[in-house]
Amino acid sequence: MSLAFGRGLRAIPGPSVMPDRVLAAMHRAAPNIYAGEIVDLTHRILADLRRVACTEAAPAIYIGNGHAAWEAALANLLAPGETALVLGTGRFGLGWAETARRMGIGVEVMDFGFRAPFDPGMVEDRLRADGEDRIRAVLTVQTDTASSVRNDIPALRRAIDAANHPALLAVDCIASLGCDRYEMDAWGVDVTLAACQKGLMTPPGLAYLWAGDRARAERRHAPSPYWDWEARIDPEVFYLHFCGTPPTHHLYGQAEALRMILDEEGLERVWTRHAVHARAVHSAVEAWGAWGSFALNMWDPYVRSNAVTTIRTAPGEASRLRDWCQRAAGLTLGVGLAGPDQDPDALFRIGHMGHLDPVMLLGALATIEAGLIATGIPHGTGAITAAARVIAEAVPAM
Ligand SMILES: *Cc1c(COP(=O)(O)O)cnc(C)c1O
């Protein structure tokens, strides 16, 4: 028996829900790729990418996913043999470190575990001990999509400055851009990464990199033409923006999504909406957790992501719940991405990034509650009321 004969919902941390308008914008004949509309569109997207990351830094677009953004940043920032300090706060920072290792870059990992943000004081101490300035770059994620931590990027910048260390700061915002507040210039970030399929609401396929002035000026290493950010930032001819054929239809989709984010809703309101939705999820999980085994992976409310929430369960509960929600109701929940000492079957994730409103979010939470009842997983009561109260308090009656 299944009731899943409506739209369903993919409440996973990417790809997120694609607005119909974004899909409609992509539904067209191929444009001329040498001149005309596609050139104007590209320039508009590049300008909008600056706005969405709050920066004057130059954006480069790669056809690729988030892993491509990792490689693009590494290929330009670090020559083989140079050293990067990578901060682990879940899985994704560690994945970036592995990419660096495979590229022949020296990698030093500071792993803060699966349930905590990085500790800026420890980073400061490490940089102070690096008397010869061997560490060329500090790499971190803003949100780690496995643990659902949100790291304090301004505090990391202050730590690097306090240590008086010249390392460049590169931040993976793949999960958080367009969800959590992020201000590249005000926060002193040298390189930012993102991809189009999470907060930026576009089908997977575009990776973004913003290179600040210092990162560009101090680049000592020119990678292959494909990865070279300078060619993409300052191309002699249009096709070099993409080192080949432009991702034509993705550009139409992304332009529409950026219009919705920046010109219609506005970035501040987008951040607020994500914060309200995240609080609704947290309140519901806390209510479920009053009895049984459910718990937020990030217990400290100040370090929780506004884009994704990782929930701990007893072994086996997470997959039983996910299976029921998928089969019975058409709700896809995120799989657990566990750390080495963790059971992936005792974790699941709710993605609440991008094109989401209270109708969808409360529907997802109530569906999870139905799943808890159906599968007999012990849980506390009042979760949906708690989530509804968060929404109600965020929007007072007229
Ligand atoms: C999703 C994600 C990635 C990887 O992106 P892909 O598009 O799957 O390659 C990297 N870092 C973070 C923080 C992410 O959320």
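Okay, let's start with a word we'll need: a residue counts as buried if its relative accessible area is under 20%, and as exposed if that area is over 50%, with partly exposed in between. One caution before we use it: what you see here is a predicted model.

So, first example. Is M201 buried or exposed? Its relative accessible area is 4%, and since the cut-off for buried is under 20%, M201 is buried. You'll find M201 in the loop between β9, residues 191–195, and β10, residues 206–211. There's something else to look at in M201: its phi is near 65°, a positive value in a residue other than glycine.

Now put C54 beside that. C54 also isn't glycine, and its phi is positive too, near 55°. C54 sits in the loop that runs between α2 (37–52) and β2 (58–63). Its relative accessible area is 25%, so C54 is described as partly exposed.

While we're in loops, go to P15. This residue is in the loop between β1 and α1, which covers 20–26. The peptide bond joining G14 and P15 is cis, with omega at about -5°.

Next, the sheet. In what order do its five strands come? Reading across, you get β1-β13-β14-β12-β11; the sheet is open and the pairing is mixed. At the edges are β1 (9–11) and β11 (295–296), each with pairing on one side only. Then there's helix α11, residues 317–329, which packs on this sheet and touches β13 and β14. The direction of α11 makes about 155° with that of β13.

Let's zoom in on those two strands. β13 takes in residues 331–335 and β14 takes in 347–351, and they pair in the antiparallel sense over two bridges.

On to the helices. Two packed helices are described by the angle between their axes and the distance between the axes. Our pair is α10, residues 267–288, and α12, residues 358–375. Their axes come within 10 Å and cross at roughly 15°. Angles under 35 degrees count as roughly parallel, and therefore α10 and α12 are roughly parallel to each other. The crossing is right-handed.

Which residues make that contact? On the α10 side they are H277, A280, V281, A284 and W288. On the α12 side we have P358, L361, L365, I368, E369 and L372. Sort the residues of this contact by type and you get nine nonpolar, one polar and one charged.

With a relative accessible area of 1%, H274 is buried. What does H274 touch, leaving aside its neighbours within four places in sequence? Its contacts are G178, C179, N306, H352, M353 and G354.

Last stop is R157, in helix α6, residues 153–162. R157 has a relative accessible area of 11%, so this arginine is buried. Not counting residues up to four places away in sequence, R157 touches A167, L169, W187, G188 and D190. And for a sense of distance, R157 and A11 are 146 residues apart in sequence and 33 Å apart in space, going C-alpha to C-alpha.

Note on methods:
Residues numbered from 1 in each chain as written. Predicted model: local features only at pLDDT ≥ 70, side-chain atom pairs only at ≥ 80, totals over all residues. Heavy atoms only, no water. Pairing = 2+ DSSP bridges. Helix = DSSP H or I, 4+ residues; strand = E, 2+ residues; numbered from the N terminus. Contact = heavy atoms within 4.5 Å. Axes fitted to C-alpha atoms, helices over the stretch in contact; angles between N-to-C directions. Buried < 20%, exposed > 50% of the residue type's maximum accessible area, 1.4 Å probe, protein only. Parallel < 35°, antiparallel > 145°, perpendicular 65-115°, else oblique. Left-handed = near helix turned anticlockwise from the far one by under 90°. Nonpolar A, V, L, I, M, F, W, Y, C, P; charged D, E, K, R; others polar.
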